[in-house]
Amino acid sequence: MHPGPTGRNPHRLHNRRTHELYYLRMQRTREKPEKMPENNKARKKLRVCVATCNRADYSKLAPIMFGIKAQPDEFELEVVVLGSHLIDDYGNTFRMIEQDDFDIGSKLHTIVRGEDEAAMVESVGLALVKLPDVLHRLRPDVLVVHGDRFDALALATAAALMNIRILHLEGGEVSGTIDDSIRHAISKLAHYHACCTRSAEQHLIAMCEDHARILLAGCPSYDKLLAAHYRDDYMDIIKNWLGDHVKEHDYIVALQHPVTTDIKNSIKIYELMLDALISFNKRTLILFPNIDAGSKEMVRVMRKKGVEQHPNFRAVKHVPFEQFIQLVCHAGAMIGNSSCGVREAGAFGTPVINLGSRQTGRETGENVLHVRDADTQNKIYHALELQFGKRYPCSKIYGDGNAVPRILKFLQTIDLDEPLQKTFCFPPVKEWDISQDIDHILETQSALAVDLGGTNLRVAIVSMTGKIVKKYTQANPKTFEERIALILKMCKEALSDAVCLNCRILGVGVSTGGRVNPQEGVVLHSTKLIQEWSSIDIRTPLSDALHLPVWVDNDGNCAALAEKKFGHGKGVENFVTIITGTGIGGGIIQHNELVHGSTFCAAELGHIMVSLDGPECMCGSRGCIEAYASGMALQREAKRLHDEDVLKVDGITDMKNNEPVSAVHLINAARLGNSKADAVLQTAGMALGVGIVNILHMVNPSLVILSGVLASHYQSPVQQVIEQRALPSARSIRVLTSDLEEPALMGAASMVLDYTTRRLY
């Protein structure tokens with residue numbers, strides 16, 4: 001039998017005794033206080049009221065409550081319980097507070113059921129109606145409030161209006177939803193702050209809070225989870241909740257809450273997550289969502305899919321925190337949008353898939369993979385494949401296990417004789433300021449883009465809007481050492497210029513020919529046009545010298561990324577970009593993601609064979625698209641016609657003796673009526689069109705984008721081949737020519753601009 005969400009069990013009793021002993025030892029080992037002068041009155045006990053609204057905030061408040069209880073000479077503890085603690089559908093979690101031997105002074109039923117926006121507002125109003133009587137009766141010196149819930153906002157509002165000092169836990173953080181507004185509103189009402197991270201501390205200072213009243217404590221739950229990290233009975237806990245046959249690191253913990261500012265989309269993400277988990281076929285512990293607007297619809301989706309009866313799932317309303325810690329610690333992955341995933345899970349190195357926007361602004365360790373645009377089941381499933389079973393370095397961004405002693409000491413420093421009215425520390429205001437245009441401000445975030453061509457090496461400063469602010473071009477050296485030295489020289493020059501141009505460089509993107517491993521930043525082997533450029537680690541020397549993150553990819557893939565961010569591919573889920581230049585290359589975007597393939601050659605489109613006995617290609621094979629339709633192939637045919645003296649036509653001037661024959665001469669001859677030149681172009685267009693038909697039948701994109709100098713010449717013949725030879729279902733697919741002048745540079749920049757601030761999937 002599994003213990004019920006509120007039943008007594010030995011794990012809870014063990015944990016409670018452990019914490020009581022810890023705080024008693026802490027009390028005994030404190031230095032003896034200095035003897036107070038006889039003329040000073042003994043300090044009275046500080047009456048602290050801790051108000052808890054739900055299972056999540058109790059996990060942060062409980063360690064403080066144990067600490068206060070362990071110092072009866074210093075503090076008098078009052079406990080107020082409200083919100084979802086008192087609702088059966090959410091586990092009646094007030095019972096775990098009673099099981100921890102805390103006396104609950106008041107239980108306030110403040111939730112108006114309905115789980116929509118109006119119900120949340122009405123719940124705040126109901127709490128404001130009931131709280132004054134309780135606070136008047138308890139008369140606390142300090143009210144401790146946690147986090148960013150709407151119940152906590154009611155608590156802070158009531159206490160502030162009743163002249164009760166407020167200590168706010170975990171203020172200053174950023175997540176990305178309405179929670180931010182509530183959290184910052186509570187911070188403005190609070191008199192004292194105990195925050196978790198250095199960034200949160202700086203945010204509070206930026207919000208004009210008094211630095212002297214801000215404590216950088218760390219998260220109180222870390223005191224508990226770091227102390228209980230290694231428990232001998234963790235397998236008993238795992239089996240208790242998930243069954244006897246579950247192994248360590250071979251199950252998933254899922255916890256997804258509604259996003260109140262985008263309820264419809266959050267329900268869609270929840271449904272896609274469930275579909276992905278069902279397909280992934282791993283044992284999964286899934287917790288019910290919180291009580292925010294939209295939770296009822298999420299539960300309805302869960303039940304519609306039969307999750308509660310599914311053999312791979314265990315759906316629960318509540319797990320005691322000390323057991324939940326063990327379940328997260330030893331999971332193969334955690335998925336959803338709970339703050340636990342981006343905060344507590346990092347302490348164990350547990351891989352996390354964070355879905356949607358609810359935790360967008362949170363500081364995270366490298367264990368978190370963000371799927372912000374979680375719009376397909378396949379995307380979430382692939383994220384599970386990438387993360388499941390991995391282990392990451394443990395992160396202590398949110399605490400070191402010593403938050404509670406700091407908070408208790410901070411409480412002891414509160415002077416009740418100080419004026420209650422809080423003051424704000426506003427920065428000095430200039431007498432005048434120069435106004436700025438919003439477009440100018442947005443364009444300051446920029447990338448360094450590097451394009452390694454066969455002839456030239458180019459570097460550009462590219463803004464967030466895709467504007468090339470400044471471009472630098474040099475001849476591409478022949479040796480590796482000279483090439484790296486020149487890249488660094490040009491990048492350093494661009495970085496220096498960026499300061500004067502008001503551009504903040506976020507990173508470096510490199511576009512290069514050949515097969516590239518973008519995960520390692522290594523060119524595996526390059527084209528014949530770029531010598532000494534195989535098995536080359538580009539990322540490391542550039543990143544070490546420039547102190548910036550560096551991304552590297554194939555030039556065809558970069559062209560596809562450029563179209564996705566700045567061109568015709570913007571907003572298109574599935575499309576193919578084909579570069580028609582000296583060679584033939586391209587990139588494939590499938591479900592909004594670039595396809596690399598298992599050995600990073602998924603988009604070598606120029607080497608699709610369209611004939612078994614065609615002309616020889618530079619790759620060593622025959623009949624490739626590139627052997628027919630590339631600039632080099634057209635130049636080869638132009639030379640052949642020139643040698644046969646059949647390239648000239650009326651209207652075309654004689655070529656100079658030293659002028660090399662090029663594809664341009666062939667195109668001009670065809671335009672002026674040369675039948676043999678026109679036949680070459682027709683064959684080239686047919687070969688390219690047949691290759692594209694093969695692509696349409698394999699990956700079924702909704703759009704084909706032709707890029708490069710030959711794109712305009714091939715658009716019409718390619719469209720004709722598609723209409724004649726493609727399956728009926730693929731004949732309506734559009735073929736467009738790119739409007740981007742610098743696709744390689746723009747694509748290199750897009751790698752930086754899309755991925756530099758945090759890991760995105």
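Modeller: Helices (H or I, at least four residues) and strands (E, at least two) are DSSP runs, numbered from the N terminus. This is a predicted model, in which local features need pLDDT of at least 70 and side-chain atom pairs count only at pLDDT 80 or more, while totals for chains, interfaces and linings use all residues. Residues are numbered from 1 along each chain as its sequence is written, and side-chain values use heavy atoms, with hydrogens and water left out.

Biologist: In which loop is C619 found?

Modeller: According to the unreviewed UniProt entry, a "binding site" covers H607, C617, C619 and C624. They span 18 residues in sequence, yet no two of their C-alpha atoms are more than 8.8 Å apart, so they gather at one spot. Such positions follow the numbering used here, with feature names shortened, and annotations may be inferred rather than shown by experiment. C619 is in the loop between β24 (593–594) and α20 (625–629).

Biologist: Is C624 buried or exposed?

Modeller: Buried means under 20% relative accessible area, exposed over 50%, and partly exposed in between (1.4 Å probe, protein chains only). C619, at 45%, is partly exposed. C624 has a relative accessible area of 1%, so C624 is buried.

Biologist: Which residues does C619 contact, leaving aside its neighbours within four places in sequence?

Modeller: Contact means heavy atoms within 4.5 Å. Not counting residues up to four places away, C624 touches several residues, including H607, C617 and C619. With sequence neighbours within four places left aside, the contacts of C619 are H607 and C624.

Biologist: Which strands stand at the edges of the open sheet of seven strands?

Modeller: Two strands pair if DSSP finds at least two bridges between them. The sheet has parallel pairing and the order β3-β2-β1-β4-β5-β6-β7. Each edge strand has a single partner, so one side of each is left without a neighbour in the sheet; the edges are β3 (106–108) and β7 (214–216).

Biologist: What angle does helix α4 make with β3?

Modeller: Axes are lines fitted to C-alpha atoms, for helices over the stretch in contact, and angles run from 0 to 180 degrees between N-to-C directions. V48 of the sheet stands opposite V142 in β4. Helix α4 (residues 117–138) packs on the sheet, touching β1, β2 (75–82) and β3, and its direction makes with that of β3 an angle of about 175°.

Biologist: Where in α4 does the kink lie?

Modeller: The bend at a residue is the angle between axes fitted to the seven residues ending there and the seven starting there. L131 is among the buried residues of α4. The kink is about 35° and comes shortly before the proline P132, at L131.
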